[in-house]
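Here are some notes for a colleague who is new to this entry.

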Amino acid sequence: MVIKQVLLLVLLWVCLLHPCLTAMVFTRTTDHQPKNFITRGAGSDGKALHRQKRGWMWNQFFLLEEYTGSDYQYVGKLHSDQDKGDGSLKYILSGDGAGTLFVIDEKTGDIHATRRIDREEKAYYTLRAQAINRRTLRPVEPESEFVIKIHDINDNEPMFPEEVYIASVPEMSMVGTSVVQVTATDADDPSYGNSARIIYSILQGQPYFSVEPETGIIRTALPNMNRENREQYQVVIQAKDMGGQMGGLSGTTTVNITLTDVNDNPPRFPQSTVHLRIPESSPVGTAIGSVKANDADIGRNAELRYQIIDGNDMDLFSIVTQNDTQEGIIIVRKPLDYETRGLYTLKIEAENLYVDRQFYYLGPFKDTTTVKISVEDVDEPPVFSRSSYLFEIHEDIEVGTIIGTVMARDPDSASSPIRYSLDRHTDLDRIFNIHSGNGSIYTSKMLDREISQWHNLSVIASEINNPKEMTRVLVYVRILDVNDNAPQFAVFYDTFVCENARAGQLIQTISAIDKDDPLGGQKFFFSLAAVNPNFTVQDSEDNTARILTRRNGFSRHEISTYLLPVVISDNDYPIQSSTGTLTIRVCACDNRGNMQSCNAEALLLPAGLSTGALIAILLCIIILLVIVVLFAALKRQHKKEPLILSKEDIRDNIVSYNDEGGGEEDTQAFDIGTLRNPAAIEDKKLRRDIIPETLFIPRRTPSAPDNTDVRDFINQRLKEHDNDPSAPPYDSLATYAYEGNDSIAESLSSLESGTTEGDQNYDYLKEWGPRFNKLAEMYGGGESDKDTL
């Protein structure tokens, strides 16, 4: 109990003002002066405690916002009990807006607002007031804090955070289904009056939607709204303060509502029957056509699955769904044949993949249609009776034997005759041939299984009426084996027998091979062609045989080599056999039977020279012979270097004869007198354009008479030089070509003039112009000179 009394006293002491302070009154009027009051209490000594109330009386000031008067707006009055009205006190105001927004009359304590205040900017202001002695500037009252609260007026309309809202609701929704909630805010004070109390209403969008006045929740107002009829709705919502009463401020917003799709529409084919056509030659996988069922829904609700539910007994067709277009593509699954069947009737069903159970009553969500497919006849290539043929024949059949027959037919109703042929790229050796009319394949050459066991042929069947229509088929020909090859040694055997060999000693094991391949496997028998006193053959019955000696001791000096004929035969029918000869050398061996030397080495090297030494000597001889041959060849092929080219040389004159002459001034090009007077060149001069290699005695040739034709002279010289061993083979005189008499323009050469010198008239040369004056003088005056002589 004592503890409670102590706590109560402490609380009272804390709460009560100090007794030394005077009272100050905060009031809205200058006439009201609150009286001092005393708080009484009991002390510990039982005496009454007297405490004077504090000199400041402090209240909360209220000020209306948005003041529109021309004077300062009066807020309130500060007054101290110490103020006797003589102007000795000075009131000071500090805090929020003091001196700017709020001013105080320092003598009277009146507080005014200097401008219009907006509560939405700041709802209250905290200030501090103090009274001081004007002369001493000492406070007569302690500084106290007070609040000026701004009273709200309805000056703000409700505002929506979004100008346009986007919302959606499934179609066919029940009445009252929530779509979206819109919320408006009002900047006015919700705790003062109805300025911030908002009521929602719908201005546009009825009768489809409604809004809850208090919450702003938009709900559907009509049942069974169908997206397929209308998908978009625009709703305008109004928010009004003052509880929606008259004079309240309002704001609006727009809500765009979309009806989302649900699967409430089953698929429907636009046609009950669809006709399609396809050529019978269409390959497997060809798309014949498409069908499509219409579904008013969209997206996932419009996805379909197509299937053939009737008319596809032979599984010739299939249908696949095109996801992007939701069409059913009908595809050929097996080859078609017009001659077999020309019309197919299919029943196709389209069904929704995803069905909502809520709308089962609107179903069924599937539909069917009939598709009639007409197969068109085309000219088809021949068809073989099999996809491939296999013929087996023995390799020993005769040429011309029929090995088998292929058959093809024209599947068309016209049934055109068939012509058969072989693709020669598959039979390059032309071993086989085929009858073009009936498809019989026969041999044209002998067969040999050991060369080729298989032959892969390609047979072509084409229509006679339309050769472009052709088909190929593979024909496999297997060659069966017959026993037509005799066995022979498997390898070449290098056999030797030691001089000190004993009777019955093994010197060689032999085996055999056979190109034939009998069904029961290879089986060989070995024997000697004749009885041999030196060796014998022992058949091991495992396709091998052992060669044994029949006597003791051999001498390589007496006989160095033995030839042993061995007969090898097989076990097939007909039996084939061959005789192989073993060459057995007699060699010197050590006690262990290792060969040391044989008779061939001993005979070739009696002086003890080794094989390596003989090879080295032989190589040296070959190298010397090669050097001699190369030296002789180089000496013969040594080129002759020219010393000097003489203008007087006959070869040079003839080589340059094709050049155009120098006209009248050119008198040194050729001297015809040299040919007319062979005696002038009887002394044969040595050629100066090559280095003389061997001097030959020049042959004297008889001089030609003056009236000899130049052609005869040249031919004579040509023959002499052809037979002259001292004349080079490239002498130009030997290759000179005579022009002849058959030229239409005739020859301008003076070489031919020797034959008709007395009969020619050269006066026409003067008519050719000044360039031929020299020739005209030479040949035109010939007659007078001749007469003078």
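**Notes on the sheet and the salt bridges**

1. In this predicted model, four strands make up an open sheet, ordered 35-37-40-39, with antiparallel pairing. Strand 35 (488-489) and strand 39 (535-539) are the edge strands, each pairing on one side only.

2. Within that sheet, strand 37 (residues 506-513) and strand 40 (residues 544-549) run antiparallel and are joined by five bridges. Leu-506 has Leu-548 in strand 40 as its bridge partner.

3. The structure holds 18 salt bridges. One of them is between the side chains of Arg-134 and Glu-106, at 3.6 Å from N to O. This pair links distant parts of the chain, 28 residues apart. Arg-134 lies in the loop between strand 10 (124-133) and strand 11 (144-151), and Glu-106 in the loop between strand 8 (102-104) and strand 9 (110-113). Arg-134 is partly exposed at 28% relative accessible area, and Glu-106 is partly exposed at 32%.

4. Glu-231 and Arg-227 also meet through their side chains in a salt bridge, at 4.0 Å from N to O. Arg-227 counts as buried because its relative accessibility is 9%, under the 20% cut-off. Glu-231, at 33%, is partly exposed. Both residues belong to a network of salt bridges that links Arg-227, Glu-228, Glu-231 and Asp-261.

5. A further salt bridge joins the side chains of Glu-450 and Arg-449, at 3.3 Å from N to O.

Definitions and conventions
Residues numbered from 1 in each chain as written. Predicted model: local features only at pLDDT ≥ 70, side-chain atom pairs only at ≥ 80, totals over all residues. Heavy atoms only, no water. Pairing = 2+ DSSP bridges. Helix = DSSP H or I, 4+ residues; strand = E, 2+ residues; numbered from the N terminus. Buried < 20%, exposed > 50% of the residue type's maximum accessible area, 1.4 Å probe, protein only.
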